Amino acid sequence: MNESRERVLQISHLRDILGFACQQVALTGDPIIVQRYNRKDVVIVPLADWRFYQELEAELRDVGSGGEPPEALPEFLAG
């Protein structure tokens, strides 16, 4: 995955430019961190990245529950 720049936006500002912000995430792949009440606990990422992380999480869960050995993870990550 490309090295990306994180942008932090206050939620009040994000409300005003949500369409533009989503377009920029899709075009650049750079995540946007949503700040609300001084907390940064939400991120907007491209859908392909989110799906990749979901698959990776499932693979890691399988490894932990007696599934494929950890040696198989580099093959999964390579695609």
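**View 1. The contacts of K40.** Setting aside residues up to four places away in sequence, K40 touches V8, I33, V34 and Q35, where contact means heavy atoms within 4.5 Å. Please keep in mind that this is a predicted model, in which local features need pLDDT of at least 70, side-chain atom pairs count only at pLDDT 80 or more, and totals for chains, interfaces and linings use all residues. Residues are numbered from 1 along each chain as its sequence is written, and side-chain values use heavy atoms, with hydrogens and water left out. K40 belongs to strand β3, residues 39-44; helices (H or I, at least four residues) and strands (E, at least two) are DSSP runs, numbered from the N terminus. K40 counts as exposed because its relative accessibility is 54%; buried means under 20% relative accessible area, exposed over 50%, and partly exposed in between (1.4 Å probe, protein chains only). Look also for L9: its C-alpha atom is 9.3 Å from that of K40, although 31 residues separate the two along the chain.

**View 2. The sheet around β3.** Here 3 strands make an open sheet with mixed pairing, in the order β1-β2-β3; two strands pair if DSSP finds at least two bridges between them. β1 (7-10) and β3 are at the edges with a single partner strand each, so one side of each has no neighbour in the sheet. Strand β2 (residues 32-36) pairs with β3 in the antiparallel sense, over 4 bridges. Within this view, I32 is found opposite I44 in β3.

**View 3. A salt-bridge network at D30.** R5, R7 and D30 are linked by salt bridges into a network; a salt bridge is a side-chain nitrogen of Lys or Arg within 4 Å of a carboxyl oxygen of Asp or Glu. The side chains of R5 and D30 meet at 3.9 Å, N to O. This pair links distant parts of the chain, with R5 in the segment before β1 and D30 in the loop between α2 (18-28) and β2, 25 residues apart. In the salt bridge of D30 with R7, the closest N and O atoms are 3.8 Å apart. R7 lies in strand β1 and D30 in the loop between α2 and β2, so this pair ties together parts 23 residues apart in sequence.

**View 4. The salt bridge of D41 and R39.** The structure holds 3 salt bridges, and one of them joins D41 to R39, with 2.8 Å between the closest N and O atoms. R39 counts as exposed, with 51% relative accessibility.
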